[in-house]
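Hi there,

Here is the structure I promised to pass on to you. Please open it beside this email, and then read on for what turned up in it.

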Amino acid sequence: MRLTFTIQRFNPEVDSTSHPQEFRLDVGRGMTVLDALIRIKNECDGSLALRYSCRSAICGSCSMTINGSEKLACRTSLRKELDRHGHIVVAPLRNLPVIKDLVVDMAPFWEKIRDVQPWLSPGRPWREGRSVQMEARDHLHPEFNNVDACIMCGACVAACTVYEVSKGFAGPAALAKADRFLSDPREAPSATRARLSALQREDGIWDCTRCNFCVEVCPKDVKPMEAIIRLRRASLERGMATTGGARHILGFTELVEQQGRLNEAIMPLKVVGFAPRAVWRILPLGLKMFFKGKVPNPLGHAIPGLSHLQALIRRVRRATSPV
Ligand code: SF4
Ligand code: SF4
Ligand code: FES
């Protein structure tokens with residue numbers, strides 16, 4: 001079968017912007033997108049730049065945008081892409097600077113990983129005769145298995161809606177890495193606290209909008225968003241509740257527990273607090289909402305059956321509280 005491939009090209013030495021280029025290639029059964037790209041490079045245009053190594057979904061280097069989604073080219077079937085989209089369009093990863101064609105600069109990605117200090121700060125005495133593997137098997141929570149499976153492909157960062165607009169954001173891969181060390185019982189409690197404390201900063205865990213794209217694109221089922229939620233929960237359990245994000249969650253829960261629903265008149269105050277400067281900052285929005293009839297009665301009234309809801313909340317709390 002003869003197929004047309006559209007590949008986004010960019011050569012910094014001659015191009016000011018990237019542009020699509022079409023290639024025609026005879027393809028066989030069972031081929032992956034990476035197989036096709038290697039043949040295009042060998043048979044059509046040797047100047048095509050792409051990165052790959054293991055060809056087995058292990059090294060993470062062939063991550064790119066295929067038909068609009070972040071994927072590993074070595075494990076993406078041409079046939080399936082064609083059946084689903086009717087065409088093959090390949091571009092570099094988004095959100096990372098393009099070096100040439102399909103090769104992106106991973107330096108910003110590694111910078112974020114380094115920022116979360118991806119190493120253990122052991123705080124427990126080592127038991128005689130125990131290997132690292134034995135300790136890990138005994139102590140690591142099952143949730144770690146997936147976080148440890150990260151191959152640093154960068155797909156989650158390329159898909160992240162927050163990173164797209166805010167390059168300071170720690171990003172899903174780095175935060176998943178932080179979660180792996182945070183929950184490791186071999187780490188000193190003081191180090192755990194320091195880790196969490198560092199993540200309260202602007203661009204840290206509370207900036208994630210929970211869009212779930214990082215979970216959708218991750219080829220290793222790491223589920224970075226769930227790791228971020230664990231980090232948030234751990235922060236709240238340690239009383240770290242000074243950020244707007246933390247206050248939003250606590251205020252939301254409190255209101256629902258008291259009234260059975262959200263009260264939009266009170267909620268902004270729960271987030272920004274009662275400091276005059278903060279109230280002054282949200283006042284124009286509050287007034288605008290008031291004159292448009294969007295501010296509900298701040299005293300509100302509880303929904304019928306509130307006691308059932310409160311019983312449910314208490315039960316969930318008991319079930320999820322740390323032992
Ligand atoms: S869930 Fe959070 S970290 Fe993941 S892609 Fe969305 S904003 Fe980024
Ligand atoms: S979390 Fe998943 S998508 Fe992100 S870098 Fe690791 S393996 Fe790739
Ligand atoms: S070439 Fe290694 S993951 Fe695709």
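**What was found**

Let's start at a hairpin: β3 and β4 have 2 residues between them, and in this hairpin asparagine 67 takes a positive phi near 50°. Please keep in mind as you look around that this is a predicted model.

**The sheet**

On the β5 side, threonine 65 has alanine 91 as its bridge partner. Strands β3 (residues 63-66) and β5 (residues 88-91) also run antiparallel, with 2 bridges joining them.

Now zoom out. In what order do the 5 strands of the open sheet lie? The order is β2-β1-β5-β3-β4, and the pairing is mixed. Two strands, β2 (19-26) and β4 (69-72), stand at the edges; each has a single partner strand, so one side of each is left without a neighbour in the sheet. From one strand to the next, the twist averages 35°. Packed on the sheet you will find helix α1 (residues 33-44), which touches β1 (2-9), β2, β3 and β5. The direction of α1 makes about 95° with that of β2.

**Around ligand 1**

Next, have a look at the first of the ligands. There are 15 residues around ligand 1, and those that come nearest are Cys160, Pro172, Cys208, Cys211 and Cys214. Helices α7 (161-165), α10 (213-217) and α11 (224-237) each supply at least two residues of this shell. Which of them gives the largest share of the shell around ligand 1? That is α11, with 3 residues. Sorted by class, the shell around ligand 1 holds 11 nonpolar, 3 polar and 1 charged residues.

**Around ligand 2**

Ligand 2 has 17 residues around it, of which Cys150, Cys153, Cys156, Cys218 and Val222 come nearest. Two helices, α6 (155-159) and α8 (172-182), each supply at least two residues of the shell around ligand 2. Of the elements in this shell, α8 gives the most, with 3 residues. How do the residues of the shell around ligand 2 divide by class? They come out as 14 nonpolar, 2 polar and 1 charged.

Best wishes

Terms used: Residues are numbered from 1 along each chain as its sequence is written. Chains are lettered from A and ligands numbered from 1 in the order in which they are written. This is a predicted model: local features need pLDDT of at least 70, side-chain atom pairs count only at pLDDT 80 or more; totals for chains, interfaces and linings use all residues. A residue is near a molecule or strand if its C-beta atom, placed from the backbone, lies within 6 Å of it. Helices (H or I, at least four residues) and strands (E, at least two) are DSSP runs, numbered from the N terminus. Ala, Val, Leu, Ile, Met, Phe, Trp, Tyr, Cys and Pro count as nonpolar, Asp, Glu, Lys and Arg as charged, and the others, Gly among them, as polar. Two strands pair if DSSP finds at least two bridges between them. Axes are lines fitted to C-alpha atoms, for helices over the stretch in contact, and angles run from 0 to 180 degrees between N-to-C directions. Two residues are in contact if their C-beta atoms, placed from the backbone, lie within 7 Å.
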